[in-house]
Amino acid sequence: MAKKIEGYLKLQVPAGSATPSPPIGPALGQRGLNIMEFCKAFNAQTQDVEKGAPCPTVITYFSDKSFTFEVKTAPVSFFLKKAAKLQKGAATPGRGTVGSVNKAQVREIAEAKMKDLNANDIDAAMLMVEGSARSMGLEVTE
């Protein structure tokens, strides 16, 4: 018989550096889940990802206090800031540009994010990434 799903928990955890400190410890602890077991499994699964990259993680926890988790790729904004060599996006998007990315970089980001995006093909994914770039105050060049 399948386990009864108690709920879902969404966290954004830096790759390879999950620790029992906040926000992970309190979020898992109040649900009665084994914090160290999650930290060890998460760090093992994300050891090949760039250290410190934010990884959206969905934890499914069950009534017997066991859990499974799915790690998604880093947000598009993380890739865009890295490609444009920026610390943060524009303070007032739409009123100027703080940097630029080219179409090749946009394609590379779209290919990396393809499994997590709601797009049928790479061109649609590129349009989504370009929209995110414009909302951050980045210019998309040829």
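Where is Pro23 found? Pro23 lies in the loop between β1 (5-14) and α1 (24-29). The model is predicted. Its chain holds five helices and five strands.

**Overall build**

- Along the sequence, the elements run β-α-α-β-β-α-β-α-α-β.
- The C-alpha atoms fill a box of roughly 55 × 30 × 25 Å along the principal axes.
- The chain has 142 residues, and 38% of them are buried.
- Among contacts with a separation of 6 or more, 61% are between residues 24 or more positions apart.
- The accessible surface of the chain is about 8,500 Å².
- Carbon and sulfur atoms account for 52% of that surface.

**The largest pocket**

- The largest pocket has a volume of about 180 Å³.
- It is lined by 14 residues, and those closest to its centre are Val49, Cys55, Lys72, Thr73 and Ala74.
- Helix α3 gives the largest share of the lining, with three residues.
- By type, the lining of the largest pocket splits into seven nonpolar, four charged and three polar residues.

**Thr73, by the pocket centre**

- Thr73 is one of the residues closest to the centre of the largest pocket.
- Thr73 sits in the loop between β3 (67-71) and α3 (76-84).
- Thr73 counts as buried because its relative accessible area is 19%, under the 20% cut-off.
- The side chain of Thr73 makes a polar contact of 2.6 Å with the side chain of Asp116.
- A polar contact of 3.2 Å links the side chains of Thr73 and Lys113.
- Beyond four places in sequence, Thr73 touches Pro56, Ala112, Lys113, Lys115 and Asp116.

**Thr60, in strand β2**

- Thr60 belongs to strand β2 (residues 54-62).
- Thr60 is buried, since its relative accessible area is 13% and the cut-off is 20%.
- Leaving out neighbours within four places in sequence, Thr60 contacts Ile5, Gly7, Tyr8, Ser66, Phe67 and Thr68.
- Thr60 and Val101 are 41 residues apart in sequence.
- In space, the C-alpha atoms of Thr60 and Val101 are 36 Å apart.

- Lys65 has phi near 70°, a positive value in a residue other than glycine.
- Lys65 is placed in the loop between β2 and β3.
- Lys65 counts as partly exposed because its relative accessibility is 46%, between the limits of 20% and 50%.
- Lys85 also has a positive phi, of about 55°, although it is not a glycine.
- Lys85 is in the loop between α3 and β4 (99-102).
- Lys85 counts as exposed because its relative accessibility is 73%, over the 50% limit.

Technical notes:
Residues are numbered from 1 along each chain as its sequence is written. This is a predicted model: local features need pLDDT of at least 70, side-chain atom pairs count only at pLDDT 80 or more; totals for chains, interfaces and linings use all residues. Side-chain values use heavy atoms; hydrogens and water are left out. Helices (H or I, at least four residues) and strands (E, at least two) are DSSP runs, numbered from the N terminus. Buried means under 20% relative accessible area, exposed over 50%, partly exposed in between (1.4 Å probe, protein chains only). A polar contact is a pair of N or O atoms within 3.5 Å; within protein, one must be able to donate a hydrogen and the other to accept it, and residues adjacent in sequence count only if both atoms are side-chain atoms. Contact means heavy atoms within 4.5 Å. On a 1 Å grid over the protein atoms alone, a cavity is a set of points where a 1.4 Å probe fits but cannot get out, and a pocket is an open set with protein on both sides within 12 Å along at least five of seven lines; lining residues have an atom within 4 Å of a point. Grid points are joined across faces, edges and corners, and a volume is the space filled by probe spheres set on the points. Ala, Val, Leu, Ile, Met, Phe, Trp, Tyr, Cys and Pro count as nonpolar, Asp, Glu, Lys and Arg as charged, and the others, Gly among them, as polar. Accessible areas come from the Shrake-Rupley method with a 1.4 Å probe; for residues, only the protein chains shown count as cover.
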